[in-house]
Amino acid sequence: MKSIDSTKPLVGGEQKIQEYVDRIRNGESEDSIFQGLPASFKSGIEKRLAEQNSEVNEGVLEETNGVPPQYRGLDSETLDFIWTIPEYVDPEKTKAQKEKKARVLASLREKESTELAKEERQKADKKRIGELRQGLGVTQPIVGAKAERQVENQLISIDERKKLYGWWASYELAKVAKQQGIDLSQISREDYVEFAIQNSLAIDDSQLRMPPWQRMCISAQEIVSVNKEKKSKINKGIDQSFEIFSRNIQQKAGEKDRVLQEGIKVRQGTKDSNSWLFFGINKSLGGNRGETFKSYVSVKDLNILTPERFMQLMIALKDAGYNGDIKIFQDLSGQGINLNDQIVMHGASQADAKLALQVAEKFFGADLDQKSIGKDEVINGEEKSYSQILAEKIKDAVKPTPQKLI
């Protein structure tokens, strides 16, 4: 995609906004970039993106029916799953992007329907030809799945790897792991980071937040397939129970009295969130923090994360003397199965974050899957989550080989 040059030099904040815009247009997650930015910056980025999108609308995007560059080539079902629309500062922008996605998906489904009918006709023709060959006693070599697997598992060079980013890097990393006999779903997030660096593949914070099972998927289609399987295993009663719990907590967040019981309260920010439920335990966090120590956990089977079990965890944290916040997803079957950090505990201190992890380990026992401890920081004036910091570490370590001038 061509970059759009401005005839006017950019200075100060405008230059920083353009840097963010360029990163988004190169495939980096808007959610990860927007995290921690002030509203004025988010608004400026959205405005600049809208301006640039309108300029290229008749060009590159029109040629691909509006599919974002990083998602081209995906089928409609996979595209619907992996193309997420963030909640922008401007609600009209969010609405417009969701409507655009709906139009693109409708167009792609219509195209797929036409292609499917064509494929069915081709299959019927091949079947008739096969029957004719069989009747004449003519045999033919069978290429079979073996050749397909050889192509599928073929690895690319180091220089080619360094050109990949995000999801495409993660798919190639899964191929490397399979060839080496390594199960990436069984290692820690930090070890996953080191494995990516060792193999020159720049996964980003979106992959670091995904559930461990996704690390071994070599395509978006495989992720969608396994996601369906895991979603089907969620007990409908538990899913509905969590949905009711989530609605009640969001309602509670807008009330004057947000205390659930002594030492446990709903954080007010929950009412403005579209993804998390926030709670304060004992002496919860204040604002304007330069750094926040945090610990993460996930469980092997989401069916154990009932509202009652989560409340029991918060009581265990309170009784252990933990001071800080805790958050959990709002949607169990939709959001929960796609997270590595299903429960995040933001400690008032490093000791609190460590204590929270110890309590969670004891509380969940054999049900515990992943665990980690990290720190959000302010770097060069920007708030960075632990996942973003790890992603930056990978990005800095995995740099494309400079091209030699001829």
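**Notebook: a sheet and the helices around it**

I started at the end of the sheet, where I379 has E382 in β8 as its bridge partner. This is a predicted model, so I keep that in mind for every entry below.

**Entry 1: the β7–β8 hairpin.** I looked at how these two strands go together. β7 and β8 pair in the antiparallel sense, and I get three bridges for them. Their hairpin has two residues between the strands, and there I found N380 with a positive phi near 55°.

Entry 2: Next I zoomed out. In what order do the eight strands of the open sheet come? I read it as β1-β2-β3-β5-β6-β4-β7-β8, with antiparallel pairing. I noted that β1 (259–261) and β8 (382–384) are at the edges; each has a single partner strand, so one side of each has no neighbour in the sheet. I also looked up the twist, which averages 25° from one strand to the next.

**Entry 3: both sides of β4.** I picked β4 and checked its partners in turn. Strand β4, residues 291–299, pairs with strand β6, residues 343–347, over five bridges in the antiparallel sense. On that side, F293 has G347 in β6 as its bridge partner. With β7, the pairing of β4 is antiparallel too, and it runs over eight bridges. There I found V297 opposite K371 of β7.

**Entry 4: a helix on the sheet.** Which strands does helix α16 lie across? I found that this helix, residues 386–397, lies across β4, β7 (368–379) and β8, and that it runs at about 80° to β7.

**Entry 5: α16 and α10.** I then asked what else α16 touches, and went to helix α10. Helix α10 is residues 189–198, and it packs on α16 at an angle of about 20°, with the axes 9 Å apart. Angles under 35 degrees count as roughly parallel, so I can call α10 and α16 roughly parallel to each other. I wrote down the crossing of α10 past α16 as right-handed.

I listed the contact residues next. From α10 I have R189, E190, V193, E194, A196 and I197, and they meet Y386, S387, L390, K393, I394 and A397 of α16. Sorted by class, that contact holds seven nonpolar, one polar and four charged residues.

Which residue forms a salt bridge with K393? I found E194, with the closest N and O atoms 2.7 Å apart. E194 belongs to helix α10 and K393 to helix α16, so this pair ties together parts that are 199 residues apart in sequence. For the model, my count is 14 salt bridges.

**Entry 6: α10 and α9.** I stayed with α10 and looked at another helix that packs against it. Helix α9, residues 167–180, meets α10 at an angle of about 90°, and their axes are 11 Å apart. Angles of 65 to 115 degrees count as roughly perpendicular, so that is the word I use for α9 and α10. In this contact, S170, L173, V176, A177 and Q180 of α9 meet Y192, F195 and A196 of α10. I sorted these residues by class as well: six nonpolar, two polar and no charged.

**Entry 7: α14 and α15.** My last pair was α14 and α15.

For the contact, I have R309, Q312, L313, A316 and L317 on the α14 side, meeting A356, V359, A360, F363 and F364 of α15. By class I get eight nonpolar, one polar and one charged residues here.

Conventions:
Residues numbered from 1 in each chain as written. Predicted model: local features only at pLDDT ≥ 70, side-chain atom pairs only at ≥ 80, totals over all residues. Heavy atoms only, no water. Pairing = 2+ DSSP bridges. Helix = DSSP H or I, 4+ residues; strand = E, 2+ residues; numbered from the N terminus. Axes fitted to C-alpha atoms, helices over the stretch in contact; angles between N-to-C directions. Contact = heavy atoms within 4.5 Å. Parallel < 35°, antiparallel > 145°, perpendicular 65-115°, else oblique. Left-handed = near helix turned anticlockwise from the far one by under 90°. Nonpolar A, V, L, I, M, F, W, Y, C, P; charged D, E, K, R; others polar. Salt bridge = Lys/Arg side-chain N within 4 Å of Asp/Glu carboxyl O.
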